Amino acid sequence: LSSLSGLTHESHKKDVEQVYLRCSEGSIEWMYPTGALIVNLRPNTSPASYKHLTVCIKPFKDSAGANIYLEKTGELKLLVRDGDRSPSKVYCFGYDQGGLFIEATPQQDISRKITGFQYELMNKGIASDLHTVSAPCRPCSDTEVLLAVCTSDFVIRGSIQDVTNQAEEQESIIHVGVNKLYRQKSKVFQLTGESGNWRGQIKTLLECGVKPGDGDFLFTGRMHFGEARLGCAPRFKDFQRMYKEAKDKGLNPCEIGPD
């Protein structure tokens, strides 16, 4: 978390301050914004790999007091307008498309304003999975499922206990009961005290129309801004079939127990 305050620059409202961030994910909080900030993301990776990176930002729900631009060689492209209240909206761009320029908007009372957002740097392929797939609700092919098993942040066998739809955010929350945990990057799926069962939540797009139903699925996906996002999710019996067929031919990209 990088936290800054504009009050220290009150007498220099046209000041432009440079901020350098080395982490691949984190957040910026600019209290009482005045002037402008240039946010330079400098991850601890080889500069040669920068062209393969995508930057995503997710403004805080109550972020206000500044416009956020994408800046390259002096040209500004508006990303987030001050006061835009699009809930949970994520803005992504290629690392080589420029940096972030955050400019405070004129305020009568800056003490009530805080501009902030979370950010993540990720491989362009992962970002594509999350945001720019042309048909995000289509079923995955056998090859895509087998690859997802090897590369996803979480892989579980489980059932859909309930689905909560959030119309305002255009998202659905899938409440999952876990029968087998193959892998998880973060502790999204945990033992619940009262029942001793593993449970967790996965988010997906509302337009995909997920509903509670019988049977087990193989849930795969990515962690994104601290939330589990759904990737491929075939019925478990279908996964067993495709895994066995690939293994018999020696074509499965990685080993995982299908049972």
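Strands are DSSP runs of type E with at least two residues, and helices are runs of H or I with at least four residues, both numbered from the N terminus. In this numbering, Trp198 belongs to strand 14 (residues 198-205). The model described here is predicted: local features need pLDDT of at least 70, side-chain atom pairs count only at pLDDT 80 or more, and totals for chains, interfaces and linings use all residues. Residues are numbered from 1 along each chain as its sequence is written, and side-chain values use heavy atoms, with hydrogens and water left out.

Strands of a sheet pair through backbone hydrogen bonds, in either a parallel or an antiparallel sense. Two strands are said to pair if DSSP finds at least two bridges between them. Here, five strands form an open sheet in the order 2-4-9-6-7, with mixed pairing. Its edges are strand 2 (16-21) and strand 7 (75-80), each of which pairs on one side only. Strand 2 runs parallel to its partner, strand 4 (residues 36-41), and six bridges connect them. Within this pair, Val19 stands opposite Val39 of strand 4.

The next topic is charged side chains. Side chains of opposite charge can pair when their charged atoms come close. A salt bridge is counted when a side-chain nitrogen of Lys or Arg lies within 4 Å of a carboxyl oxygen of Asp or Glu. By this rule there are twelve salt bridges. One of them joins Glu227 to Lys58, with 4.0 Å between the closest N and O atoms. This pair links distant parts of the chain, since Glu227 is in strand 16 (residues 227-230) and Lys58 is in strand 5 (residues 53-59), 169 residues apart.

How far each residue is covered can also be stated. A residue is buried under 20% relative accessible area, exposed over 50%, and partly exposed in between (1.4 Å probe, protein chains only). Glu227 therefore counts as partly exposed, at 22%, whereas Lys58 counts as buried, at 13%.

Glu171 takes part in a salt bridge with Lys203, at 3.4 Å from N to O. Glu171 lies in strand 12 (residues 171-184) and Lys203 in strand 14, so the pair ties together parts that are 32 residues apart in sequence. Glu171 also meets Arg229 in a salt bridge of 2.7 Å, N to O. Because Arg229 lies in strand 16 and Glu171 in strand 12, this pair connects parts 58 residues apart in sequence. Both Arg229 and Glu171 are buried. Through shared partners, salt bridges join Lys58, Glu169, Glu171, Lys203, Glu227 and Arg229 into one network.
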